[in-house]
Amino acid sequence: NETTANTTMKLALAASLIASAHAWSTPSMKADIPSAGNSRRDILQKGAALATGALAIPGAAQAYFLPDLPYPYEALEPYIDAPTMKLHHDKHHATYVAGINKYMEGKDEVSILDLMADALEAGPTKNSGGGHYNHAFFWAEMAPPDQAKKSKVSDQLDGLIKKSFGSMDEMKAKFEALAAPAATFGSGWVWVCVNKKGDALQVVNTPNQVNPLMKGALDEVMFPILGIDVWEHAYYLNYQNRRPEYVSAWWNVVNWDKVSENCAYVVENHSGVPVEG
C-alpha cells in the first residue's frame, strides 16, 4: 500500500545517505559510485535492505573508531617524520580498531577504557583492544614541537615527580633506561604511571599491546599518564635500529599540559584516562 511504499522509500533514502557518508569517511576519501547499469529499482532494493539491516544490527558491531590525529602528519617533524605518522596511524592503529570491532560483534558495547581491566583474560582484547587504547592515548599526549616547548608541568605533577624520582631529569633517565632495547626487548611500551593509591609515580614497561590498566600486567593496576610506543613501526623509517635516539628525541613533542591533565584526572578518579575512539 501507499504507506508501506513511502516507508520503504524513506528507509532506502536514509540508507543511501548512510552508505554515502561511510564511503566518504574511508581513508581513500572516494565515494562508491553506482555503475550506469544499476537501475533505480536495484538501488532502492539495496537501500531498503541496508536500512533494514542497519536498524537491526546492535551498536556494538562497530563500537570503536579510528580517531583523527590532533595535528597533521608532518606536525611532529623533525622528531617523528610524516611517513611514519601516516603508516603508524592509518595502517597499524586502524588494524587494531578493526580487530577489536570484529571481536566485539554480538557483544555488549563498552568503552575501550572499560575493556582494559580484564583484557589479559580475553585474548583478542589484550592485543587489538590494548593496541587501540594505547595508540589513542599516544596521539593525544603529543603536540608539535613549538607547542610542546611552551607546555607546562603542573604543580601537582611537579610535586609527584620530585617525590617519586627527585627531579624531572631523574625521571627521564629512568624512563630512557627502561625504554632501551635491553630493558624492553622486542615490542612494547614504556609508561609513567600514577600508582593505585594515587600518591606516587612509577616508570614501568609492558610487552606488545599490554598496558598497566590490565589486571595481572604488573604487581598492581596502575594508571598511565605518559607513554611511548617502542615497537619498531613507531620509529624505524627515521631511526632504524637507533631506538635510544628516538626516545631521547621524543621528549621534544611531549605535551606537558596534556600529561598534567592526565595526572589530575587519575589522581582524582583513581581510573584510567578516557580516550577518543
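Let's start with the parts. The chain has 11 helices and 3 strands. This is a predicted model. Now read along the sequence. The pattern runs α-α-α-α-α-α-α-α-β-β-β-α-α-α.

How confident is the predictor? The mean pLDDT of the chain is 84. Of its residues, 78% reach 70 or more. Now look at residues 1-60. There pLDDT stays under 50. For that stretch, the model has 27 contacts beyond four places in sequence. A word of caution here. Where pLDDT is low, predicted coordinates should not be read in detail.

Next, the chain as a whole. It has 277 residues, and buried ones make up 42% of them. What about contacts? Residues 24 or more positions apart account for 70% of them.

Now zoom in on Thr184. Where does Thr184 sit? Its place is in the loop between α8 (168-179) and β1 (188-194). Is Thr184 buried or exposed? Buried means under 20% relative accessible area. Thr184 has 4%, so it counts as buried.

Who are its partners? Leave aside the neighbours within four places in sequence. Thr184 is then in contact with Leu178, Ala179, Val190, Asn205, Val230 and Arg243. One more pair to find on the screen: Thr184 and Pro207. They are 23 residues apart in sequence. In space, C-alpha to C-alpha, Thr184 and Pro207 are 7.5 Å apart.

That's my tour. Over to you.

Conventions: Residues are numbered from 1 along each chain as its sequence is written. This is a predicted model: local features need pLDDT of at least 70, side-chain atom pairs count only at pLDDT 80 or more; totals for chains, interfaces and linings use all residues. Side-chain values use heavy atoms; hydrogens and water are left out. Helices (H or I, at least four residues) and strands (E, at least two) are DSSP runs, numbered from the N terminus. Buried means under 20% relative accessible area, exposed over 50%, partly exposed in between (1.4 Å probe, protein chains only). Contact means heavy atoms within 4.5 Å. pLDDT is the predictor's confidence in each residue, from 0 to 100.
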